[in-house]
Amino acid sequence: MTVHFVGAGPGAADLLTVRAAEQLRTAAVVLYAGTYLDDEVLAHCRDGAELVDTQGLDLDAIIGRLVDAHRRGLDAVRMCSGDPSVYSALTEQTRRLDAAGVPWDITPGVPAYAAAAAALGTELTVPGEVQTVVLTRTRARSTPMPETESLQRVAGLRASLVLHLAITRVRELAAELAAEYGADCPAVVVAHASRPGQVVLRGTLATIAGMVEAEGLRRTAVIMVGRAMDRGAAVACGLDSHLYDPRRARG
């Protein structure tokens, strides 16, 4: 049978895609991270489904449960936070499933940065301000970053920058980014985007670290930096995209 990697979105049960909800409704085995997903998401699962909380399992144990489901002739869902295309350990898992001869597919989900932008009420690509979005992270006690993707290099683009898995280092990162963006550059942090406990902090690279520390945020948050984060300034820019230029040929 098949292993379905399903994007759980930012955490809100009603932001699952229709396909994701259907995968949960029909799967006999569902693996999920209990530190991230709540009962409302799991309510989409069918009665009697085997629910496996992976927060205490290592990678080999997780793959073992998926291979076991396949050998028992059962479809399994492996829930991924956000969208499986970003920081989901998809490559490591599918490599092992391929070696075991287990088929798999992917159902995308709403990524965390999209939910955060929605909470801010802003577009990350604003005409006249910025047309590039960079999704990245930094190294602490995690997978090494390629030298060509250092924070200094990507900050040099002055794009809309989204930092994942970095909230515990916000002070040093804000200082590093200020060298490229300027200390007055808008910076925001969105934690638990789309969920009841959502927190939105708006500041600048000079102030955001103190705001995060005062709030006590330690996890499930993204840091977003760039001129587009100041919606007021973006609106004041007043430029329309070429798509709506009256001089543009139609049809």
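## Cavity lining

Helix α7 (170-181) gives the largest share of the lining of the largest cavity, four residues. Helices here are DSSP runs (H or I, at least four residues) and strands are E runs of at least two, numbered from the N terminus. The model is predicted: local features need pLDDT of at least 70, side-chain atom pairs count only at pLDDT 80 or more, and totals for chains, interfaces and linings use all residues. Residues are numbered from 1 along each chain as its sequence is written, and side-chain values use heavy atoms, without hydrogens and water.

Both α7 and β10 (221-225) supply at least two lining residues each. The lining includes Leu163, Val170, Leu205 and Val225. It divides into nine nonpolar residues, no polar and no charged. Nonpolar covers Ala, Val, Leu, Ile, Met, Phe, Trp, Tyr, Cys and Pro; charged covers Asp, Glu, Lys and Arg; the others, Gly among them, are polar.

## Cavity volume

The structure has one cavity of 30 Å³ or more. A cavity is a set of points, on a 1 Å grid over the protein atoms alone, where a 1.4 Å probe fits but cannot get out; lining residues have an atom within 4 Å of a point. Volume is the space filled by probe spheres set on the points, which are joined across faces, edges and corners.

## Strand β1

Five of the five residues of β1 (residues 3-7) are buried, so the strand is largely enclosed by the rest of the structure. Buried means under 20% relative accessible area (1.4 Å probe, protein chains only). Val3, Phe5 and Gly7 point one way; His4 and Val6 point the other.

β1 runs parallel to β4 (residues 76-80), joined by five bridges. Strands pair if DSSP finds at least two bridges between them. Phe5 stands opposite Arg78 in β4. Four bridges join β1 to β5 (residues 104-107), also parallel. There, Val3 faces Trp104 as its opposite residue.

Definitions and conventions:
Buried means under 20% relative accessible area, exposed over 50%, partly exposed in between (1.4 Å probe, protein chains only). On a 1 Å grid over the protein atoms alone, a cavity is a set of points where a 1.4 Å probe fits but cannot get out, and a pocket is an open set with protein on both sides within 12 Å along at least five of seven lines; lining residues have an atom within 4 Å of a point.
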